[in-house]
Amino acid sequence: MNAFLAILRKDLILELRGGRSTTALVSLALLVLVVLTFALDRTAGGGPATAAGALWIALVFAGMLGATRVMVAEHENGCLRALLLSPVDRAILYAAKLTASTTFMIAAALAATIMAMLFFNLEFSDSLVTLAIALILGALGFSALATLLAAISIRARGGELLLPLLIVPLFVPALIAGVKASAAALSGAPLAAAREWVGILVAFDVLFIAAGYLLFEHVVGEE
């Protein structure tokens, strides 16, 4: 637990000082959201569904750029190699990186949600609790997958191109569930209406986290 907290504290302090990952996440999410806001028809009666789709597309694009910076930056400056040479358990290292990435994505999701609500003229209501649950679960699952796949891509030539090709197909089922749950929340439906989709998000989170926990050691084993 001490090693987990120490690594997580290091990542969060570096981010607070530099702000590179969070700034990149928020900036790209807002940029994609602005483009989609003007590209999509907001008067066709599908406001909540359109807003939910735009919100998740923005988060996925931003996540592919920013969430993996936690691994890529440390690979480039040699910090990752030093951590792997230390007696820290690889599973603890994965858990710390996953927690840091999830924190950065949730910060981006908060900013993107506020902008989406304003751009699509949606009301702030109690159903936003359901939206928050869906986004937190989505950020957790995406970060679990991105952290594992980033550890693979940094070892491969052209890994920055390989990463989107690996993440997007694997995350599509969870993405669909997240969009459906978010659309229900933005339309004012209670949590019960989105329970099935939230359950699917939880199932994919368990799958992605378990895969990362079991495979991370082997992926970085020869670093």
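I take axes as lines fitted to C-alpha atoms, for helices over the stretch in contact, with angles from 0 to 180 degrees between N-to-C directions. The model I am reading is a predicted one.

**Entry 1: H6 alone**

I looked up helix H6, residues 90–119. At the N-terminal end I found a cap: a side-chain oxygen of Asp89 lies 2.7 Å from the backbone nitrogen of Ala91. Just after H6 I noted Asn121, with a positive phi of about 55 degrees.

**Entry 2: H6 and H7**

I next checked H6 against helix H7, residues 128–153. Their axes come within 8 Å and cross at roughly 140 degrees. I therefore log H6 as oblique to H7, since only angles over 145 count as roughly antiparallel. The crossing in which H6 passes H7 is right-handed. On the H6 side I listed Tyr94, Lys97, Leu98, Ser101, Thr102, Met105, Ile106, Thr113 and Met117. They meet H7 residues including Leu128, Leu131, Leu135, Ile136, Phe142 and Ser143. I sorted the residues of this contact of H6 with H7 into 14 nonpolar, 5 polar and 1 charged.

**Entry 3: H7 and H9**

I moved on to H7 and helix H9, residues 195–219. I read axes that come within 9 Å and cross at roughly 20 degrees. H7 and H9 are therefore roughly parallel to each other, because the angle falls under 35 degrees. I recorded their crossing as left-handed. From H7 the contact takes in, among others, Ile133, Ala134, Leu137, Gly141, Leu145 and Ile152. From H9 I noted, among others, Val198, Leu201, Val202, Asp205, Ala211 and Val219. By class, I have 18 nonpolar, 3 polar and 1 charged residues in the contact of H7 with H9.

**Entry 4: H6 and H9**

How do the axes of H6 and H9 cross? I found that they come within 8 Å and cross at roughly 135 degrees. That makes H6 oblique to H9. H6 passes H9 in a right-handed crossing. I listed Arg90, Ala91, Leu93, Tyr94 and Leu98 of H6 as meeting Phe208, Ile209, Gly212, Tyr213, Phe216 and Glu217 of H9. The contact of H6 with H9 divides by class into 8 nonpolar, 1 polar and 2 charged residues.

I cross-checked the lists. Tyr94 and Leu98 of H6 meet residues of H7, and Tyr94 and Leu98 also meet residues of H9. In H7, Leu140, Ala144, Thr147 and Leu148 are in the contact with H6, and they are also in the contact with H9.

Key. Residues numbered from 1 in each chain as written. Predicted model: local features only at pLDDT ≥ 70, side-chain atom pairs only at ≥ 80, totals over all residues. Heavy atoms only, no water. Helix = DSSP H or I, 4+ residues; strand = E, 2+ residues; numbered from the N terminus. Parallel < 35°, antiparallel > 145°, perpendicular 65-115°, else oblique. Left-handed = near helix turned anticlockwise from the far one by under 90°. Contact = heavy atoms within 4.5 Å. Nonpolar A, V, L, I, M, F, W, Y, C, P; charged D, E, K, R; others polar. Polar contact = N/O pair within 3.5 Å; in protein donor to acceptor, adjacent residues only side chain to side chain.
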